[in-house]
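Here's a quick briefing to read alongside the model. Have the structure open and follow along.

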Amino acid sequence: MAKKDLAMNEVTLLAAAFVRWGLALFILGLIMGYPPLVHFLQRAVEGPIGTSLANVTLWLGCSQAVQIGALGMIAIGAVFGLFPADELEAETRDYTALWLCGGGLLAIAIVGYVGYFVLNATGPSLPGTRPARETVWLYAVSFSAAAYLIGVALAFVSIVQITSYKSEH
């Protein structure tokens, strides 16, 4: 276990936060992945259905997106953890990156997972059509993924800035 009187600076805490959030979201993605798989197998046994909502691919993709994104957060945290923390300060951009990454992945989990159940509860769509409710769901998942992507880009800018500074000095 960790020592109780060990002083940590903010870069070390930021690295730990990325790793902690990443591990928690990775586990969430694993848990989210099993029900779609069971649903997919059940649909395969019952036979094909002509509605687009019966296609479980998008639902299954949400759990995989959370898992992949969580691994990205763990990698970002590991990179931050490799830097000499006593020489650096965490910036607002770094904390924004953490919240955008974590919030984006949580939004993918909630919108993608719960939204799928809501869409199925509102009734089937006609074969070959995409109702407005499904389009809204797809946009919401896309915006959630965009938030995560912006967070990763901010973390990348910080990492590039820190590594270029260290190479000059």
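Where does Gln-67 lie? Gln-67 sits in helix α2, which covers residues 57–82. Keep in mind that this is a predicted model. Here's the rest of the picture, by topic.

**Gln-67 and its surroundings**
- Gln-67 counts as buried, because its relative accessible area is 16% and the cut-off for buried is under 20%.
- Leaving aside residues up to four places away in sequence, Gln-67 touches Phe-26, Gly-29 and Leu-30.

**Overall fold**
- The protein chain has four helices and zero strands.
- Going along the sequence, you get the pattern α-α-α-α.
- Take the contacts in the protein chain with a separation of 6 or more: 89% of them come from residues 24 or more positions apart.

**Inside and surface**
- The protein chain has 169 residues, and 36% of them count as buried.

**The salt bridge**
- The count here is one salt bridge.
- The partners are Arg-93 and Glu-91, whose closest N and O atoms are 3.2 Å apart; that pair qualifies because the cut-off is within 4 Å.
- Arg-93 is partly exposed, at a relative accessible area of 22%.
- Glu-91 is partly exposed too, with a relative accessible area of 36%.

Key:
Residues are numbered from 1 along each chain as its sequence is written. This is a predicted model: local features need pLDDT of at least 70, side-chain atom pairs count only at pLDDT 80 or more; totals for chains, interfaces and linings use all residues. Side-chain values use heavy atoms; hydrogens and water are left out. A salt bridge is a side-chain nitrogen of Lys or Arg within 4 Å of a carboxyl oxygen of Asp or Glu. Buried means under 20% relative accessible area, exposed over 50%, partly exposed in between (1.4 Å probe, protein chains only). Helices (H or I, at least four residues) and strands (E, at least two) are DSSP runs, numbered from the N terminus. Contact means heavy atoms within 4.5 Å.
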